[in-house]
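The following report describes the architecture of one protein chain.

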Amino acid sequence: MIFTEEELREQISKLEGWKLEENTMVRKYMFSQYMKGIAFVDEVATISEAFDHHPHITIDYKTVTLRLKSNEEDGITALDIREAHEFNEAFEKNH
């Protein structure tokens, strides 16, 4: 089920670093070294497989950008929010 705009704003406000861009959740994670970013992407892949829901990932040297949206629903759902929390936890424990 897709969030209403008000619900979505409330959910996003609870997620450090995430913002909305064109009906997609986006966060840029910055790393001190290239290989730390690559290790994070590996964790993102493991989390994504567990959720069976995969973000768009862009690696730009020491910056990893994740974009989340439920394509089947054509919007942002609770699954996207839960997964974003997991990504943030992975970042915090290994940053």
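## The β3–β4 hairpin

Y61 adopts a positive phi near 55° in the hairpin of β3 and β4, where 2 residues lie between the strands. Strands here are DSSP runs of E with at least two residues, helices are runs of H or I with at least four residues, and both are numbered from the N terminus. The two strands β3 and β4 run antiparallel and are joined by 5 bridges. I59 has V64 in β4 as its bridge partner.

This is a predicted model, in which local features need pLDDT of at least 70 and side-chain atom pairs count only at pLDDT 80 or more, while totals for chains, interfaces and linings use all residues. Residues are numbered from 1 along each chain as its sequence is written, and side-chain values use heavy atoms, with hydrogens and water left out.

## The sheet

The 4 strands form an open sheet in the order β1-β2-β4-β3, and the pairing is antiparallel. Two strands count as paired if DSSP finds at least two bridges between them. Strands β1 (19–21) and β3 (56–60) are the edges, each pairing on one side only. On average, neighbouring strands of this sheet are turned by 30° against each other, direction ignored; such angles run from 0 to 180 degrees between N-to-C directions, with axes fitted as lines to C-alpha atoms, for helices over the stretch in contact.

Strand β2 (residues 24–30) and strand β4 (residues 63–68) are antiparallel and share 6 bridges. V26 stands opposite R67 in β4. Helix α3 packs on the sheet and touches β2 and β4, its direction making about 5° with that of β2. Contact means heavy atoms within 4.5 Å.

## The α2–α3 pair

Helix α2 (residues 34–51) and helix α3 (residues 78–94) have axes that come within 10 Å and cross at roughly 150°. That makes α2 roughly antiparallel to α3, a label for angles over 145 degrees.

Residues of α2 that meet α3 include F40, V44, I47 and F51, and their counterparts in α3 include L79, F87, A90 and F91. By class, this contact has 8 nonpolar, 2 polar and 5 charged residues. Ala, Val, Leu, Ile, Met, Phe, Trp, Tyr, Cys and Pro count as nonpolar, Asp, Glu, Lys and Arg as charged, and the others, Gly among them, as polar.

## Overall fold

The protein has 3 helices and 4 strands, following the pattern α-β-β-α-β-β-α along the sequence. Its radius of gyration is 13 Å, close to the 12 Å that the globule rule gives for 95 residues, so the protein is as compact as a globular protein of that length. The radius is taken over C-alpha atoms, and the rule is 2.2 Å times the number of residues to the power 0.38.

How values were computed:
Parallel < 35°, antiparallel > 145°, perpendicular 65-115°, else oblique.
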